[in-house]
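I set out these notebook entries as I went through the structure. I looked up one topic at a time.

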Amino acid sequence: MRQLADRHRGSRGRRAGRLGAALAAALALTVGPLGAAGFAQESGSDVQAKLDNPYQGAQLYVNPDWSAKAAAEPGGDAVADESTGVWLDRIAAIEGTSDAMGLRKHLDTALRQAAGKPIVVPLVIYDLPGRDCAALASNGELGPQEIGRYKNDYINPIRDILREYSSRANLRVVTTIEPDSLPNLVTNTSGRPTATPECDEMKRNGNYVEGVGYALAQLGAVGNVYNYVDAGHHGWLGWDSNLQPAANLMFQAANAGGATPADVHGFIVNTANYSALKEKNFSITDTVNGQTVRQSKWVDWNQYVDELGFAQGFRQAAVSAGFSSDIGMLIDTSRNGWGGSQRPTGPGPTTSVDAYVDGGRYDRRIHAGNWCNQAGAGLGERPQASPAAGIDAYVWMKPPGESDGSSTEIPNNEGKGFDRMCDPTYKGNARNGYNPSGALPDAPLSGKWFPAQFQQLLKNASPPVS
């Protein structure tokens, strides 16, 4: 059982050292002209000392595109003013599409919302070549070899636009760098029962590592941009055989494509996923009838049972890999509340370790590897800064109500395929222990508005929506 446990994969992962950033800023004062807001700048990059935690003391950007959809739903007004991530999931999204604003318009809107006060704009950088090599629903527009197009047509235009706003002292841009990328190279390549030919190809050609490194280098050089690399979630990387190797691979990427570890401000976990923030009814050290919680079918020998513990553990692994000791973490809490009538009020019975865990766990998924439009999920903790030790913020990086993928195949020009994990009739694969998918029916393409899901998230919110 341990061998399978070590290989689970769900979907959808700090900091420039403060001393290094301060030295760079001091150096810039002697070599570069002053920008419009008085920040020292060099040709080709903006050098200003970055904040320890960009979320501290700042308001959060409310995306009008998402907010309008949420407000139009019954009860949606209660959360329509929350901040959600802006997903730049294809080249066309940079300038804007028929149903979504472009990057410049988002930044201009953020400045109006800020009214001169600090504001955080959360962006998701999501268009790697051969994107998400283990899940068809989030495949992208670029082929496995199109690293040149990724750099020139995707990252460079984003960088150039962000540079235009780099002198706005009150604007803080937080980037989530490429969900579903680097963790796949650890868990879904040859030697694992979860391997896919597509992930083997991306490991072999190096374009995930090179692409992530290039994004870190180009965006990290902009003075008011803070890069957080996607680090999966506990049900993907929580086993010993996955955790440190993933952190080591991320350190490799932070030294690729022109990047240095100082371009990484932190990591984000649970991006667009459902893992509970904190399981309060049991812990990893509990024992039932001589069996540890790790031996339960649900935990399956994982070292973690929830995302807060995993985030703090991954932070330690990242420091061991070579990242700064003050690296920070974000946790996506947009859909991991698991409230409503099915939320347990206490531990399960002690008749067996499985009964104890299953009866007490907040996460009601069939399996922790299930990632698509999960039935029974609810909104989680609202976005907030510095909620726990080592955690920069809880965020809603995945906009609640946007689909993870279509329940059936839908032709499209966005490069998005049909993944059976989004089909409620699917009986599973090695990545979810051959369990039912647990997906909601009648879902649209990934990223499209899914009213039934939004209503479910409202109903099952924890903390409740008032």
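Which residues of H6 are buried? I found Ile147, Tyr150, Lys151, Tyr154, Ile155, Asn156, Ile158, Arg159, Ile161 and Leu162. The model I consulted is predicted.

**Helix H6.** I read helix H6 as residues 147-164, 18 residues in total. From its first C-alpha to its last, H6 reaches 25 Å, close to the 26 Å expected at 1.5 Å a residue. I then looked up its axis: H6 bends by about 35° at Ile155. A proline, Pro157, follows within four residues. Ile155 itself is among the buried residues of H6. I also noted, as background, that residues three or four places apart in an α-helix point the same way, because there are 3.6 residues a turn.

**Whole chain.** I recorded 14 helices and 13 strands. Of the 466 residues, 62% count as buried. The accessible surface comes to about 16400 Å², and carbon and sulfur atoms hold 52% of it.

**Second largest pocket.** I noted a volume of about 360 Å³. Its lining has 26 residues, and those closest to the centre are Asp132, Cys133, Ala134, Ala135 and Leu136.

**Cavities.** The largest cavity holds about 100 Å³ of space. I listed 13 lining residues, with His234, Trp298, Val299, Asn302 and Ala368 nearest its centre. This lining divides into 7 nonpolar, 5 polar and 1 charged residues. For the second largest cavity I noted a volume of about 50 Å³. Its lining includes Tyr55, Leu60, Trp396 and Met397. There I found 7 nonpolar and 3 polar residues, and no charged ones.

**Backbone.** I kept in mind that most residues other than glycine have a negative phi, and that most peptide bonds are trans. Ala272 has a positive phi of about 60° although it is not a glycine. I located Ala272 in the loop between strand E8 (266-269) and strand E9 (287-288).

Is Ala272 buried or exposed? Ala272 counts as buried, because its relative accessibility is 0%.

Asp442 also has a positive phi, near 60°. I placed Asp442 in the loop between strand E13 (391-395) and H14. Asp442 is exposed, with a relative accessible area of 70%.

Last, I looked up the peptide bond from Ser462 to Pro463, which is cis, with omega near 5°. Pro463 lies in the segment after helix H14 (451-459).

How values were computed
Residues are numbered from 1 along each chain as its sequence is written. This is a predicted model: local features need pLDDT of at least 70, side-chain atom pairs count only at pLDDT 80 or more; totals for chains, interfaces and linings use all residues. Side-chain values use heavy atoms; hydrogens and water are left out. On a 1 Å grid over the protein atoms alone, a cavity is a set of points where a 1.4 Å probe fits but cannot get out, and a pocket is an open set with protein on both sides within 12 Å along at least five of seven lines; lining residues have an atom within 4 Å of a point. Grid points are joined across faces, edges and corners, and a volume is the space filled by probe spheres set on the points. Helices (H or I, at least four residues) and strands (E, at least two) are DSSP runs, numbered from the N terminus. Buried means under 20% relative accessible area, exposed over 50%, partly exposed in between (1.4 Å probe, protein chains only). Accessible areas come from the Shrake-Rupley method with a 1.4 Å probe; for residues, only the protein chains shown count as cover. The expected span of a helix is 1.5 Å times one less than its number of residues. The bend at a residue is the angle between axes fitted to the seven residues ending there and the seven starting there. Ala, Val, Leu, Ile, Met, Phe, Trp, Tyr, Cys and Pro count as nonpolar, Asp, Glu, Lys and Arg as charged, and the others, Gly among them, as polar.
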